[in-house]
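The sequence and structure come first.

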Amino acid sequence: MELKVSTRSHAGHTVMTIVGEIDLYTAPGLQSEFTRVLQESPTTYVVIDMSGVEFCDSTGMNVLLSALKRLKERGGTLELAAPRPAVRKILQVTGLDSVFTVHEAVPGKLLTAEPKG
């Protein structure tokens, strides 16, 4: 399955919306998108809208952890929003729900951000 990623940035924060499955085949593309966002923007606050993610394996979780680490290194934060039950279960089983801040939905103040792709 194809993975689609779009980003919206506004006032130092970025919302990344991911749709599809994050697995061994799609994770490199997601990693590249994180790299692009971090290189092109001084953003320090990233929220990943996972409402469209149907599946995420350990490779995908590693990409998210890597992005979290890179943002923390520059004094930033990465949070997850609206994971579906299957993804939420993976977060709980792996203990990553205590590593990431997980929101029920994308915080309202971020929904005003301009789309970038």
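## The helix

Helix α2 contains 16 residues and spans 22 Å from its first C-alpha to its last, close to the 22 Å expected at 1.5 Å a residue. That expected span is 1.5 Å times one less than the number of residues. Helices here are DSSP runs (H or I, at least four residues) and strands likewise (E, at least two), numbered from the N terminus.

The model is predicted: local features need pLDDT of at least 70, side-chain atom pairs count only at pLDDT 80 or more, and totals for chains, interfaces and linings use all residues. Residues are numbered from 1 along each chain as its sequence is written, and side-chain values use heavy atoms, leaving out hydrogens and water.

## Two faces

The buried residues of α2 are G60, M61, V63, L64, A67, L68 and L71. Buried means under 20% relative accessible area, exposed over 50%, and partly exposed in between (1.4 Å probe, protein chains only). Seen down the axis of α2, the buried residues fall within an arc of 155°, so they line one face of the helix. The arc is taken from the directions from the helix axis to the C-beta atoms.

On the face turned away from the buried side are the exposed residues S58, K69, K72 and E73. The buried residues of α2 are covered by elements including β2 (13–22), α1 (27–40) and β3 (45–56).

## Residue L64

L64 lies in α2, which covers residues 58–73. L64 counts as buried because its relative accessibility is 0%. Beyond neighbours within four places in sequence, L64 is in contact (heavy atoms within 4.5 Å) with F34, I48, M50, L78, L80 and F100.
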